[in-house]
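Welcome, and please load the model in your viewer.

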Amino acid sequence: MGLFAGFLGTRARGVTIVAGLLLIGYISFLVGMNYISLVRLQKSTLEQLGVDMEKRATAIGYFFAERKNDLRNLAASRTISAFFENKALGMSMEYGLRASLLSISKNFDRLLAEREFQGYKIFDRIALIDRNGKLLADSQPEGAKKGREKDWKRFLTPENPGGDIIVSHDKQSLKWTVSIPYFFKKRYAAQIVAWGSLKGVCRLVGVEGESPGRSLFISCGKELIPLHAGLPYEAALTNLPNLATLETGKTCQFSAVDKDGTRMDILAARVPIKNTPLSLVFLLPASQVFGPIAPWHLPLAMAIIAIIILGGIIIAFRINAQKLILHTRLEEISKSEEKIREKNRQLEQEIDNRKRAEEALRKAQEELEIRIKERTRELSESEAMYRTIFESTGTATVIIEEDTTISMANTEFEKLSGCSKGELEGRMSWTEFVVREDLERMKEYHIKRREGSEEPEEYEFRFIDKQGNVKNVLNKVAMIPGTRKSIASLLDITPRKKGEEALEREKEKFRVLTEKSPLGISIVQEDGRYKYINPKFIEIFGYTLEDIPTGRDWFRKAFPDKEKRKEAISTWFSDLKRLGRGEIRTRTFTTTCKDGSQKMIQFRAVTTETGDQFIIYEDITEKRRLEVQLQQAQKMEAIGTLAGGIAHDFNNLLQAISGYTEILLMSKDRGDPDYDKLVNIQASARRASELVRQILTFSRKVESKLRPVDLNQEVRQVQKLLERIIPRMIDIELHLQEGLKITNADPAQMEQVMMNLAVNARDAMPEGGRLVFETANRVLDQEYCKTHLGAVPGEYVLLSISDTGCGMDRQTLEHIFEPFYTTKGVGSGTGLGLSMVYGIVKNHGGYIMCYSEPGEGTTFKVYLPVIKQEGVEQEEKKEEKEIRGGGEVILLVDDEEDILNTGKEMLTRFGYGVITARSGEEAIEIIKETDTAPDLVILDLSMPGMGGRRCLEKLLEMDPELKIIISSGYSANGTVRATLDSGAAGFIGKPYQLKDMLKKVREVLD
């Protein structure tokens, strides 16, 4: 029994062990199957969760893509582009812009009404904001409660052409915002912004039927926007990691603490919503996926197998119960999966429908975009053409509003004004560029042009640029049809105005030069007709344009002699062929004037580029006469110089003859047979001396003793002399002006002048006649002096001596003042009378002219300059002084041996000691070698070597107290005057007489 019992016990243990092992194996099988089921369930749930998340994210992406398309369609509408076109043209809110904004708002309202989902309006509000953040159009009516979108600038996204999406929430509601930038003519112009509630998105993705344990969020940056909060909100977000770091498409697990402190495991997944900055975030408790037994429970189950074996039945029952629970859960999950699949099928169908709708919408949008592009291209081409025309007009062009604002300006206006378009357009008035003097006129034109008045479309005004420069501008203005705007084209004509002014100045200069020209000027056209003659031409010739309309008429009148006319025409056309355009042709012709007088004219002609003949006429009649006068005057000067030189040398010879004769006479008695011969020699020497004096008078190298003279008194004295020598058949007449002015003259020389002229008149009237003396006060002006060479402007006393004799021809008149020229027979005259008269008048600073014609008599007119002095002083007679010397030593310096010998002998005879020197150098050596300086030096000026003047200066340097008399055959008022002024004590003229020399020596020594 015990063995059996043991056996039974062993078997019982074995059965128990086997049963236990079987039970353990069964439990292990159940645990393994449970683990596999749980893993599959987890994987299936996570995969389904991922697919569900992808579909929902795709649906949300399509939703926001459709909203962007809605806004793009709005942007493509004509109402918005029309608004910005009108604005670009400068239209104000008052004229057109407000209507455009109203049309835009109506489009917004229409879209709000059309877009809905399952009876729920998608859009809550749509607005248009300009690029500066200013609200332009809004779907909400005025007065309606609006959001707090005061800072509209935060919606501006010009850098994101694809648009922007913002999701936000507050205590009251969940919102989404979609905005896209609007570009007008490729430039950012505005932003279209739309708002909506997230409730519509929730309906779209089926959030309302979501399990209460799950939570669905949209992440916008770091912010979570709850769509469905199945978990306790605070518990779900406690210890929530940064969702931006979650890897896309994978599920992460983290722990969270509930409000009551219960810890729970939460699964999280993030799926990005395509074409948006958003992500879809899904949160759910891990227990909903893994159940109450997680995969890591297997080790724990193996660990408690022993306990399970001990409580096999209980455990089996427990396992069966758990299995039943699991099967029930699996069935629920299957049903839930079936529901999800059904929803997925519906969602897929919805997505397919939406894809087809989107495809149709895309095609429609593409067609619309094509039409928009074509329209945009047409508008761009039209605008480009308009802009090109506007910019390429070649003138500064602006569009001016009614209020004078410049709404558009081209590049040329920028250059003209110095302002940029940004400174000009919509900011500046055209009145700022008009000078004050022209402003009122311009404003009047501006106002009346808009009232329909006919104001000038083109006029000039003065334009002032930014730098203050004033410019002359030609302005052409026209009104733009259908508007109150005007378009103005401005052309800077400052250079042209300056050119016109310069041309006018040049014309005026030419007119003044030609009208006031001292030369005659004419312009003859290529066809031979006279185009212009100046006043001087008429003055010279007397002909007007009516007298000489053509060159043929000119030649016929200017050259009435047929032969001379042929010669002039032949010469003229020969020069014309020989010389080309621009080359000056110079010819001199004697022409006949309108009054019949003949003038010598110098023609200077040149052919211009236009073929006209520009001709200058110079009347050289007087010029030729003056040239003849100048030649005569030069000849007279040359003859005078020659005569003076000859007279100087002849004086030295006469000095020797006269000196030796006087010495011989001193040693002879009157009864000596040679005495009379010596007296005759002395008389001849005196006559020769007088002849030399006449020659020197002509050459103006004789000393004149000038004093104030009343010429009337001198004429009366000469009349008394002439009554004795003039035949009685010649009547002497005096016509003397009362109150005749005083002249500075040498009375003796003036007596010589009148006597010489009277004697010549007597000889010209052998049969009798009249000799007339006239005096008068005269003034010679510039005009008279221009035509009478040698005359100087000023006041003169005129002495006129006329006769009624035979007269002289022109040839004789040309030589009458030349020395030794005479028309008298041999032995009847020396030919020095008139030359002496000429020399005396010139020496007095006067002017002499002779007028004579054969058979008409002769008139000599002598002009003597007036001096300002009251009355005439009478010359006092001086007593003769003793001429004997007192033993003084005189140094006599001369290069002529005869003069030295005669001078030494004469001075020695009258009590002087004499030392002689043949040159200035010898005189200086003598003074250096002698201890005592001579009392007097008589020094000849004209010597070879250092000359008299240099010797005088040297002697005075050696002894400033030395007394020196200079001697010369020339006048003391000519070149000798400078030497006298250099320190000489006196002057004695050659040939000097003994009495004169002794008198001068005594005067200087005393």
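Select residues 920-929, helix α25, and residues 947-958, helix α26: their axes come within 10 Å and cross at roughly 15 degrees. Helices here are DSSP runs of H or I with at least four residues, strands are runs of E with at least two, and both are numbered from the N terminus. Each axis is a line fitted to C-alpha atoms, for helices over the stretch in contact, and angles run from 0 to 180 degrees between N-to-C directions. The angle therefore makes α25 roughly parallel to α26; the classes are roughly parallel under 35 degrees, roughly antiparallel over 145, roughly perpendicular from 65 to 115, and oblique for the rest.

Before moving on, note that this is a predicted model, in which local features need pLDDT of at least 70 and side-chain atom pairs count only at pLDDT 80 or more, while totals for chains, interfaces and linings use all residues. Residues are numbered from 1 along each chain as its sequence is written, and side-chain values use heavy atoms, with hydrogens and water left out.

Now show the side chains between these two helices. Gly-920, Ala-923, Ile-924, Ile-927 and Lys-928 of α25 meet Cys-951, Lys-954, Leu-955 and Met-958 of α26, where contact means heavy atoms within 4.5 Å. By class, this contact has 6 nonpolar, 1 polar and 2 charged residues. Nonpolar covers Ala, Val, Leu, Ile, Met, Phe, Trp, Tyr, Cys and Pro, charged covers Asp, Glu, Lys and Arg, and the others, Gly among them, are polar.

Next, select α19 (residues 711-725) and α20 (residues 747-764), whose axes come within 10 Å and cross at roughly 45 degrees. These two helices are therefore oblique to each other. Their contact includes Leu-711, Val-718 and Ile-725 of α19, and Pro-747, Met-754 and Arg-762 of α20. Its residues divide into 11 nonpolar, no polar and 3 charged.

A cavity is a set of points on a 1 Å grid over the protein atoms alone where a 1.4 Å probe fits but cannot get out, and lining residues have an atom within 4 Å of a point.

The largest cavity holds about 170 Å³. Select Ile-400, Trp-430, Met-442, Asn-475 and Ala-488, the closest to its centre of the 17 lining residues. The lining divides into 13 nonpolar, 3 polar and 1 charged.

For the last stop, select Trp-572, Asp-575, Arg-585, Thr-586, Arg-587, Phe-603 and Ala-605, which line the second largest cavity. About 40 Å³ of space lies there. Strand β20 gives the largest share of this lining, 3 residues. By class, the lining has 3 nonpolar, 1 polar and 3 charged residues.

Technical notes: On a 1 Å grid over the protein atoms alone, a cavity is a set of points where a 1.4 Å probe fits but cannot get out, and a pocket is an open set with protein on both sides within 12 Å along at least five of seven lines; lining residues have an atom within 4 Å of a point. Grid points are joined across faces, edges and corners, and a volume is the space filled by probe spheres set on the points.
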